[in-house]
Amino acid sequence: MYKKALIRIERFIETEKNIFFLIAASIFIGETLIMLLLRYLPTFSDWTEALIDSSLLSILIFPIIYIFLYLPLKKSMAEHKLKEANYSYVIENIGEGVGIADTNERFVFANDATEKIFGVGKGELNGVRLDKFFTKESFAFILTQTKERLAGRTTEYESEIVLKDGTKKNILITAAPQFENDVVIGTFAIFRDITEIKKAQETIRYERNLLRTLIDSLPDAIYVKDSKCRKVISNQVDVNNMGFQFEEDVLGKDDYDVFPKEIADAFFADDQSVLQTGQPVLNREESFFDNKNQRQWLLTSKIPMRDEDQKVIGLLGIGLNITDRKSEETRLKLLESVITNAT
């Protein structure tokens, strides 16, 4: 019952209007009771009546102020401090840099992760302007982003910072406008150190370019098919074998889109053998007719490609053109037959 009463009281005092009404009513009722009381008491001097009036009114009003103003205010302040403590804990332990800068691009707050990213000690970023860590070009770009925030827009972009010791870092910045009374007073930013990610991307890009150069430079047909036997990589030799000019023309196609059915059936059978058994097909002789209707022979090997769980997800094909060798074999057999018949 006591808790229900407290809940009702809290609901009642949720608005300033209710609190004002309560205090005004309490003063009016208190003064009325005091005036009635003084009528039945002996006559006192004006000063004494004023003293009695103020004392009794204070005694009557104090519980009202204590219960309806002091206690709710105390509770609100405690909740506010708890929220601030929780926010502070989250910001300091979030693992990503969090900072606030004013409209002059000076730090007014930076958590430990931000200070670590910028390579400074505790509190050393406060009051420091951002241009101390950015090149002239990078800082000019940041100023253009600041204009976006002044317009109330959030932006995300990459930039490079230079630390005091000359070390360079790549960071990803998510910057949102900070408002006060609907006016932008600064920037709330999240900083992520992506230096290692950028290095890994550069390494992957270099290795991919190196592999692509190797694939395109080999005299053999090199291709990759997915689990549905569609081309996803094709070097120029393979593109030419399929009767096209550019790799873009063959990507996504299977052998049935290019070759006659009887030839495509043979290619498809080998592909399925590799994809379903996980065993390579090595040095298989295959033939097809090119766009000049000339028969071409390939010595083909198909090797399964697996993901990190060792599941077959496609195949790598290598085709060595042996048309000249097959022609020479045919010529030698014909010559051998002529010699045999002659003797």
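**Sheet, salt bridges and rings**

User: Over how many bridges do strand E1 and strand E5 pair?
Analyst: Strand E1 covers residues 97–102 and strand E5 covers residues 183–193. Strands are DSSP runs (E, at least two residues), as are helices (H or I, at least four), numbered from the N terminus. Two strands pair if DSSP finds at least two bridges between them. E1 and E5 pair in the antiparallel sense, and the number of bridges is six.

User: What pLDDT do local features need in this predicted model?
Analyst: Residues are numbered from 1 along each chain as its sequence is written, and side-chain values use heavy atoms, without hydrogens or water. The model is predicted: totals for chains, interfaces and linings use all residues, side-chain atom pairs count only at pLDDT 80 or more, and local features need pLDDT of at least 70.

User: Which residue is the bridge partner of Val 98 in E5?
Analyst: Strand E1 spans residues 97–102, and its antiparallel partner here is E5. In E5, Val 98 is bridged to Ile 190.

User: Which strands stand at the edges of the sheet, and why is one side of each left without a neighbour?
Analyst: The sheet is open, with antiparallel pairing and the order E2-E1-E5-E4-E3. Each edge strand has a single partner strand, so one of its sides has no neighbour in the sheet. The edge strands are E2 (107–110) and E3 (155–162).

User: What angle does the direction of helix H5 make with that of E3?
Analyst: Helix H5 (residues 136–150) packs on the sheet and touches E3, E4 and E5. Contact means heavy atoms within 4.5 Å. Axes are lines fitted to C-alpha atoms, for helices over the stretch in contact, and angles run from 0 to 180 degrees between N-to-C directions. For H5 and E3 the angle is about 155°.

User: How many salt bridges does the structure hold?
Analyst: A salt bridge is a side-chain nitrogen of Lys or Arg within 4 Å of a carboxyl oxygen of Asp or Glu. One network of them links Lys 225, Asp 255, Asp 271, Glu 286 and Lys 302. The structure's count of salt bridges is 21.

User: Which residue forms a salt bridge with Asp 112?
Analyst: The closest N and O atoms of this pair are 2.7 Å apart. Asp 112 lies in helix H4, and its partner sits ten residues away in the loop between H4 and H5. Asp 112 is partly exposed at 36% relative accessibility (buried is under 20%, exposed over 50%, partly exposed in between; 1.4 Å probe, protein chains only). The partner, exposed at 62%, is Lys 122.

User: Over which ring does the charged end of Lys 231 sit?
Analyst: Lys 231 also meets Asp 238 in a salt bridge (2.8 Å, N to O), and both residues are buried. A charge sits over a ring if NZ of Lys or CZ of Arg is within 6 Å of the ring centre and within 35 degrees of the ring normal. The charged end of Lys 231 is 4.5 Å from the centre of the ring of Tyr 223.

User: What is the angle between the planes of Phe 107 and Phe 191?
Analyst: Rings of Phe, Tyr and Trp (its six-membered ring) pair if their centres lie within 6.5 Å; planes under 30 degrees apart are stacked, over 60 edge-to-face, the rest tilted. Phe 107 is in E2 and Phe 191 in E5, so the pair ties together parts 84 residues apart in sequence. Both are buried. Their tilted pair is 6.2 Å centre to centre, with a plane angle of 55°.
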